Amino acid sequence: MTLAGDILQITALSLLVAGTSTLVATLIAVPIGTVLGLREVGSARLLRNILFTLYGLPPVLAGLLVFLLLSRAGPLGPLRLLYTPLGMVIAQVVIVTPIILGITMSVVSTVERRVKDTAFVLGADRYQLSITVLREAAAGVLTAIMVGFGRAISEVGAVFIVGGHIEGQTQVLTTTIITDVAQAEYGHAVALGVILLLLAAVIYSLLYRIQERTLP
Amino acid sequence: MHFASMRQYIVVLIIAAVVALAVTAYLSLPRAYLLMATTTSTRDTGLLPPMLRNFTLDTGIEVRYIAVGTGQALDAGRRGDVDVVMVHAPALEAEFIASKDGLCRNQIMYNTFVIVGPAGDSAGVRNATSAPDALARIYDNRSRFESRADNSGTNIKELALWSAAGLNASSFGTWYEKTNQGMGATLTIANERAAYTLSDDGTWFAREPTLPYLGLLYNRTDSVLRNQYSVIPVNPATHPGVFSERALAFAQWLVGPRGQSFIGAFKVHGHTIFTPDGTGDC
Amino acid sequence: MSLEVSGLVKSFGAREVLRGIDLRIEPGEIFAIAGPSGAGKTTLLRCVDFLLRPETGSIRYDGATTPAEPAPAIALRRRIGMVAQNPLLFRGNAAYNVSFGLCIRDVDEPELSRRTADALKALGMSDLAATRASVLSAGEAQRVAFARAVVVRPDLLLLDEFTANLDPTNVNILEGAVREYNRSTGATVILVTHNMFQAKRLANRVALLLEGRIVEVGAVPEFFENPKDPRTRAFVTGEYAY
């Protein structure tokens, strides 16, 4: 495989894995985070504490957990997802979901009570109420998704453990940089590092522009 | 109509997620390729990619691999996560076969362990009379030494050599550093830290140009320094679902004329790295 | 919409804010609830608009109590509009804010845009349709909030000190809009105010609320010119110190 082809494939897989994980995590975390953030009673507090613990979950630990789950000898072994991109996505969803959930919950809970009251008085039902609050918190929720994607694309421990860094199969930018450095392939490593940086810059500036449009 | 448009956003998000998942799932379809766990030293020499390509050309069987330490490679086999292992630690391999995790064992090739270190060689390893003597000199001088400490074949050999020198590595001081990493990474660290380390000559020759501060200090072909590589298909009786037939075909190809002649002809920077000695019961 | 409030009691902790309110408000009238700050006026309105749940007593809308099932309860809620003293505007422009209630009710284009534009125009806000809510002045914001409340044609419009702290021009525009809305739709309007002059200008009938109780209810001329209760007299003549 040519150097350029190899870099292209690694970059594409990195984007696919991090993007898919972020999308799935967003679909799980934003609705749940909104519902929990809207609750004002203390029952949500315990959950919030658990979440903030998960928030700090070391990615490597998530990787280990998912590895043990997906290994042939593990409970989900028959699915044969170890050392596959889907397995990596599962590990990253475990890492990213608490991050998006936690931030969404806290930005939704800081939306003024009066927003809910006003929407209620104007005739909103529960769903419309949630959407209204979510819309007011849009900048914060977008930040949550940005942070989640940033964590996913730069994460290395979990994708290494669960993906196995198989050439042409589960190599991503971060894991390849690690093995490149071990092999003293510094030029290749730097090229991948620059791509990682550019990707982050492009995606962040894109999201930043969306975020700007959602300002009051 | 912002409630309707919000619904549209959600639908777009869901579609995007489903498409992304579908692509990921497609790439994750039950693999048709043979999955091998092997050691970092075979990857780091650069032998694997061209050799596997030849095997695929001959048999139509695609092979992918994860490169880890011998201990971890055997463990991947023990968990049934891979179809075949290619390792270099005969004692551990015997256990692997005895526990019915391995089906059979073909020895493929060997190379030689060498001691490399700072070109200045303050411990005088160049003048050593044997491998244990070389390590004893490093010990006497308390010269910095990088141990892979990863239960790899190289690491196991290193510990055996310390024992042969009458030394107990677990009691060593801070000069004895444990990298917990593969051969290539450990050589990189030794190069940066002006330390001695034990390497296989294959990885050394492959990496030599990138290691300016290290020199080859002890490379005699004592029988104790022989580094025997073997291939072991994972036992389908213990681990149903592994690609046993393909693994056997791979093991047989490696010891057959095509595999053996490829290994014998493989050169890195002008050095022949592996000596083929294929035989076995697979 | 007619409104019957009977025996309404509402407390916050140990503090009893409404101590048994009885009121009957007829369809189509503009009814003012006057009283000093802290009398319970806002609490009463919030009970009427389901933002608060009273401990005892009942409120009947067009003779019926609040339905238990969510769908008819929402339908009833959607017949009631409210404008608060310091309105909250949603993030977005003036037109978005005005159209909010229409969106809630699934009103489709082009009706949505037409009604939004009409409502803005009625308040003299056509030029500001695309202006972000966060940069509107207090008077403009209140006009947007009023347009947002009336664009959905509520049968009962609750106004809670809706012109407090506004300049006379804006007060005039808003009071004119209330009269016009009441005249053109026949909707009932409840106006909570501590401003006796505003009650006099807008209302058909006035009630005085003091310390959680209704002191006196009367038609506008009599209430101001010939109050029965000495406390009402003190209030309308400005002698009441609060």
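Predicted model: local features only at pLDDT ≥ 70, side-chain atom pairs only at ≥ 80, totals over all residues.
Let me begin at the boundary between chain B and chain A, where the count of salt bridges is zero. On the side of chain B that touches chain A, the elements that give two or more residues are α1 (2-27), α2, β2 (63-68) and α8 of chain B. Of these, α1(B) gives the most, with 15 residues. Taken as a whole, the contact draws 37 residues from chain B and 35 residues from chain A, and the area buried between the two chains is about 3,200 Å², with carbon and sulfur atoms giving 62% of it.

The buried residues are Met183(B), Gly184(B), Ala185(B), Thr186(B), Leu187(B) and Thr188(B), together with Ala190(B) and Asn191(B). After α8(B) comes Ala194(B), and the phi of that residue is positive, near 50°.

Is Asp44(B) buried or exposed? Its relative accessibility is 6%, and because the cut-off for buried is under 20%, Asp44(B) counts as buried. If we set aside its neighbours within four places in sequence, Asp44(B) is in contact with Met183(B) and Gly184(B), with Thr203(B) and Ala206(B), and also with Gln183(A). Its side chain, moreover, makes a polar contact with the side chain of Arg43(B), at 3.0 Å.

I now move to chain C, and to strand β6(C), residues 156-160. Five of the five residues in this strand are buried, so the strand is largely enclosed by the rest of the structure. Leu156(C), Leu158(C) and Asp160(C) point one way from the strand, whereas Leu157(C) and Leu159(C) point the other way.

Which strands pair with β6(C)? Strand β5 of chain C, residues 80-83, pairs with β6(C) in the parallel sense over four bridges, and within that pairing Leu157(C) is the bridge partner of Gly81(C). Strand β7 of chain C, residues 188-193, also pairs with β6(C) in the parallel sense, over five bridges, and here Asp160(C) stands opposite Val192(C). Between β6(C) and β7(C) the chain passes through helix α6 of chain C, residues 168-185, and this β-α-β crossover is right-handed.

Finally, a residue elsewhere in chain C, namely Arg24(C), which lies in strand β2 of that chain, residues 15-25. At 38% relative accessibility, Arg24(C) counts as partly exposed. Although Arg24(C) and Leu3(C) are 21 residues apart in sequence, their C-alpha atoms are 5.8 Å apart in space. Not counting residues up to four places away in sequence, Arg24(C) touches Ser2(C), Leu3(C) and Glu4(C), as well as Glu29(C) and Arg205(C). The side chain of Arg24(C) also makes a polar contact, at 2.9 Å, with the side chain of Glu26(C).

Methods: Residues numbered from 1 in each chain as written. Chains lettered and ligands numbered in written order. Heavy atoms only, no water. Buried < 20%, exposed > 50% of the residue type's maximum accessible area, 1.4 Å probe, protein only. Polar contact = N/O pair within 3.5 Å; in protein donor to acceptor, adjacent residues only side chain to side chain. Contact = heavy atoms within 4.5 Å. Pairing = 2+ DSSP bridges. Right-handed = clockwise from strand over helix to strand, strands pointing away. Buried area = accessible area lost by both parts, 1.4 Å probe. Salt bridge = Lys/Arg side-chain N within 4 Å of Asp/Glu carboxyl O.
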